Amino acid sequence: MRKLNIFSIILVVVILTGCGIQKQKADNTIKKTTHNVLKSDSKTWTFSKKITSKQTPNAGVSNDLSTSVVSKIGDISNWTTSKNQFISYPINYKQISLKKWQHDTQKRMVKSAQSKVHWMRISQINAVLKKMGADIKINKLSDLVFLETKSSNMPLAQAFVAKGYHLYAINPQYTDTEQTITIDRGQAFTDTRTKKATGQVASAKLNGTWIAPETTTSASDTGKIMVKDGYLYQHRYDSYERSAIQVLSSYSLISLNQNTTYASQKTNAARADYQLTQKSVASGDSLGYLYLFVSENELIRIGQGQTATYKKTSTLVAANDLPKDDITIFEQLDQKNPGEAASTITVKAGPAIVGMSSSIKYLTDPDAGQITSNIPVVSLENGKVATSDGESGID
């Protein structure tokens, strides 16, 4: 009888130990899943929905959850992750433990408010994940990924879990309130890789005239684009505008991940169901449009809530669409002003005025297209440009 009791005790211990191992394995799997999703060299996540609920002084946090597909001003609308590092421009974050996150979160509050901070229950967090459509549940708070800023060690109010093409940001804390308020419970972000991909396009094969038939032509938008030797030209009002066509593979992935202008355009592309990646060949303009070359014969313009498709109708650029003299002026003013680029040529009464900018790389430079000086062109003779400062053109 005694042997049986000993055997029963051993059996119970084995069962309990096995359960503990299985639970620990499940816990580890949740975090491992998140890290496996985020370990790639670069992912951009765009906002898709947010979850809110009411909080009252007496009843606390409500279980009645509401969904919205509109983010409020101040919300983070996109994240970039690279090898498990989080970036929300222009801030870089680092991962920290749950214990440090809880300690630092309370520490940054005034002493009288520290006792009013509470952590959400696991069931509350899983309810938010379910509401966002997540196919994942956590077993404990430490299953989430917690962040603080790299520069100032400021803890982020949200924590993360990821699976598949979705990143979920959870608000795991709340503070006692003296009136009924609406609180954020979580946000869902979608991987832009679910969008249409564009391969590498040979920039040398893009020269020609591009037409968007569905565009309603106007003085500011003729529905026609001219591409010549790495530059995109448009005629607007009394001006020709020029922007650089950028082969993004010439930039390192690290530099692109750190670039706020690129991140903004990548989000614009994702909202139109396209990917802007390191493999893209693209351009921009002074109105904020993104021009994404899908192939050597198709171009997508994205911006202002609309998408327009341009088709290449000719491999040549007609002189009445883009005069050869204007190309010469652009090129020679570039050479005469090292470190600057000629971005516009405007002709009204009097001489042509060339607008100079520090850059015309609209995908990576936030100052692209901003006019730093205006240079009048006095003459163009024998292929040489003379400006009002008396300088002649370049041989």
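Is N84 buried or exposed? Point 4 has the answer; a few friendly notes on the model follow.

1. Ground rules. This is a predicted model, in which local features need pLDDT of at least 70 and side-chain atom pairs count only at pLDDT 80 or more, while totals for chains, interfaces and linings use all residues. Numbering runs from 1 along each chain as its sequence is written, and side-chain values use heavy atoms, with hydrogens and water left out.

2. Confidence. The mean pLDDT (the predictor's confidence in each residue, from 0 to 100) is 88 for the chain, and 91% of its residues reach 70 or more. Residues 9–17 have pLDDT below 50, and beyond near neighbours in sequence this stretch has zero contacts in the model; a contact means heavy atoms within 4.5 Å. Residues 19–27 also stay under 50, and for them the model has five contacts beyond four places in sequence.

3. Overall form. The chain has seven helices and 25 strands; these are DSSP runs numbered from the N terminus, helices being H or I with at least four residues and strands E with at least two. The radius of gyration is 28 Å, well over the 21 Å that the globule rule gives for 395 residues, so the chain is more spread out than a compact globule. That radius is taken over C-alpha atoms, and the rule is 2.2 Å times the number of residues to the power 0.38. Along the principal axes, the C-alpha atoms fill a box of roughly 115 × 50 × 35 Å. Among contacts between residues at least 6 apart in sequence, 60% join residues at least 24 apart.

4. Two positive phi values in loops. Most residues other than glycine have a negative phi. N84, in the loop between β4 (78–82) and β5 (85–88), has phi near 70°. N84 is buried, with a relative accessible area of 17%. D229 sits in the loop between β14 (224–228) and β15 (231–236) and has phi near 50°; D229 is exposed, at 52% relative accessible area. Here buried means under 20% relative accessible area, exposed over 50%, and partly exposed in between, with a 1.4 Å probe and protein chains only.

5. Helix α4. Within α4 (residues 122–131), Q124, I125, N126, V128 and L129 are buried. The elements covering these buried residues include β1 (43–56), β2 (60–61), β9 (155–163), β10 (166–170) and β12 (181–191). Just after α4, G133 takes a positive phi of about 85°.

6. T328 belongs to helix α7 (residues 324–336) and is buried at 17% relative accessible area. Leaving aside neighbours within four places in sequence, T328 is in contact with L380, G383 and V385. T387, in strand β25 (residues 384–387), counts as buried at 4% relative accessibility. Not counting residues up to four places away in sequence, T387 touches L333, K336, I375, P376, V377 and V378. The C-alpha atoms of T387 and V377, 10 residues apart along the chain, are separated by 4.4 Å.

7. Buried residues make up 46% of the 395 in the chain. The accessible surface comes to about 20,300 Å², of which 53% belongs to carbon and sulfur atoms, using the Shrake-Rupley method with a 1.4 Å probe. The mean positions of the 47 positive and 33 negative charges are 17 Å apart. Lys and Arg count as positive and Asp and Glu as negative, with His and the chain ends not counted; each charge is placed at NZ of Lys, CZ of Arg, CG of Asp or CD of Glu.
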